[in-house]
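The sequence and structure are shown first.

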Amino acid sequence: MTTSVLLTVLLATFALSIGSIAWAVMSSRERQSVVRRALGVQEPTLSAIRPLTRTPMHRVADWLAARVPATLGGDTVSVSRLEQAGYTSANAASLFGLVRVASVVLGSGLALVFAPSNDVLLYLVAIIVGVAVGVLAPMTLLNGRVAARQTEIRRG
């Protein structure tokens with residue numbers, strides 16, 4: 001296999017793993033938040049609800065959520081915008097920031113792999129476009145999710 005194919009597979013695997021970790025962290029945090037609100041408690045406590053079986057993926061997601069700074073996504077998007085999209089967990093902004101960083105890395109990585117290296121100008125343009133797509137894609141997807149959710153709510 002060529003190096004570019006291997007690098008593409010590696011980048012795709014990286015993007016898939018970041019996405020699955022972010023999804024696992026957000027779903028776990030949202031579930032815990034719902035249980036805490038239903039019980040009327042602030043801190044996690046023992047409850048009558050049987051805890052979910054913890055898989056290795058959950059442990060990785062918890063480890064990652066504990067190490068993601070709370071301010072990572074706070075300045076990139078408002079919490080109310082994430083709530084409009086349906087992401088109500090306490091660390092949704094930091095996870096969104098993590099997804100934005102991962103998408104920039106993925107976008108620029110794909111541009112590095114697929115850009116023709118024999119033309120320097122085209123190579124630089126491809127890298128700039130890859131970074132721009134990586135920066136804009138999460139916000140575009142978030143705005144689409146907000147619009148779809150608002151339409152769903154209007155229809156009842």
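## Packing of α1 and α4

In this predicted model, α1 and α4 pack at an angle of about 170°, with their axes 10 Å apart (axes are lines fitted to C-alpha atoms, for helices over the stretch in contact, and angles run from 0 to 180 degrees between N-to-C directions). The two helices, α1 and α4, are therefore roughly antiparallel (an angle over 145 degrees). Helices are DSSP runs of H or I with at least four residues, numbered from the N terminus.

On the α1 side, the contact (heavy atoms within 4.5 Å) includes L7, L11, F14, I18 and A22, and the α4 residues that take part include L95, V99, L106, L110 and F114. The residues of this contact comprise 17 nonpolar, three polar and no charged (Ala, Val, Leu, Ile, Met, Phe, Trp, Tyr, Cys and Pro count as nonpolar, Asp, Glu, Lys and Arg as charged, and the others, Gly among them, as polar).

## The largest pocket

The largest pocket has 22 lining residues, with G19, A22, Y87, F96 and V99 nearest its centre. By class, 17 of the lining residues are nonpolar, three polar and two charged. At least two residues of the lining come from each of α1 (3-39), α4 (92-114) and α5 (120-155), and α1 supplies the largest share, nine residues.

## Confidence and conventions

The chain has a mean pLDDT (the predictor's confidence in each residue, from 0 to 100) of 76, and 79% of its residues reach 70 or more. Among the elements, α2 (residues 56-67) has the lowest mean, 70, and α5 the highest, 88.

Residues are numbered from 1 along each chain as its sequence is written, and side-chain values use heavy atoms, leaving out hydrogens and water. Local features need pLDDT of at least 70 and side-chain atom pairs count only at pLDDT 80 or more, while totals for chains, interfaces and linings use all residues.

Methods:
On a 1 Å grid over the protein atoms alone, a cavity is a set of points where a 1.4 Å probe fits but cannot get out, and a pocket is an open set with protein on both sides within 12 Å along at least five of seven lines; lining residues have an atom within 4 Å of a point. Angles under 35 degrees count as roughly parallel, over 145 as roughly antiparallel, 65 to 115 as roughly perpendicular and the rest as oblique.
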